[in-house]
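Dear colleague,

Please find the structure below, handed over for your records.

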Amino acid sequence: SQQLWQGQLKIALAAMAARCRLAARFHHIHGANIRLDASHTQATRVESFANGLCFSQEPLAPGQIFLVEIEEKELGWCGHLRVGLTAHDPQSLEVVPEYSLPDLVNMGDTWVFAITRNHNRVAVEGAAVQAQGRPWEPFLLIERVRIPRDTLVGRSRPGRYSHILDDLYKTNVLPATARRSRIGVLYAPQPDGTADMHIVINGEDMGPSARGLPTARPLYAVIDVFASTKSVRVIPVDYGFPSLQTLCRLVIQKHIVHRLAIDGLDLPPLLKSFCQHE
């Protein structure tokens, strides 16, 4: 019976992993100014400041985060990334709205949060401020949802001043709208059958930015590549135990003085790139 249970568990985990891989892509339906790469994991707004709406390829499962990293910025525009959830199947849209706020939200059954440089945390009226946990704790807990924090936090790339940037990332003070910042959205089911939408910025939960979402309907992630945000990439998140690749990276980074030293190590190129860039 124990072997049967273990077999069923492996099948369930494999199915969840496959679902996560499918959801960690952008839908082929998107705004008029968006161009997707061949893998559908990078979305770039090629002109103007609007018509940058994107959706997850699949509806999200309860507690499943859709995480993106800001890859490129564009000067001269006011406003930043907008993130949220919608119960509208992108395939059913006759025309993709120009803006998530207010156009898509005005269609109903859509909840979108405008990301700002600061002050993204939601104040819960009449409730005590929930302890966020330390930035270096291995998992982020949002109610019953448990997500490995390592993937959620933006990382600096090796180069000039990267030793300074790494300290900033460790203390989690990277501005939400900066390049390499990682922003995710998920929904957490509630006892009354509804759900709360949570935005996660560089490993920190911003609180329930929307309540009363209908869990009986599929919910797709909404990413609006708006104004000064020009390009974003989907970051897949592995739930549960860290992968062997992640454990190797942690050991390697622990035993070097600086990330630039990784180039001189006798390691496979893909592993060196993973250690440097994640």
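This is a predicted model: local features need pLDDT of at least 70, side-chain atom pairs count only at pLDDT 80 or more; totals for chains, interfaces and linings use all residues.

Residues are numbered from 1 along each chain as its sequence is written, and side-chain values use heavy atoms, with hydrogens and water left out.

Strands are DSSP runs (E, at least two residues), numbered from the N terminus, and two of them pair if DSSP finds at least two bridges between them.

Strand S2 (residues 42-45) has two antiparallel partners in these notes: S1 (residues 34-36), joined to S2 by three bridges, and S13 (residues 229-234), also joined to S2 by three bridges. S1 and S2 form a hairpin with five residues between them, and His40 in the turn has a positive phi of about 60°. Both faces of S2 are covered: Gln42 and Thr44 on one side, and Ala43 and Arg45 on the other, are all buried (under 20% relative accessible area, 1.4 Å probe, protein chains only).

There is also an open sheet of four strands, ordered S3-S12-S5-S6 with antiparallel pairing. Its edges are S3 (53-55) and S6 (110-114), each of which pairs on one side only. The twist averages 20° from one strand to the next, with axes taken as lines fitted to C-alpha atoms and angles running from 0 to 180 degrees between N-to-C directions. Within this sheet, five bridges join S5 (residues 82-86) to S6, and Leu85 stands opposite Trp111 in S6.

Yours sincerely

Definitions and conventions:
Buried means under 20% relative accessible area, exposed over 50%, partly exposed in between (1.4 Å probe, protein chains only).
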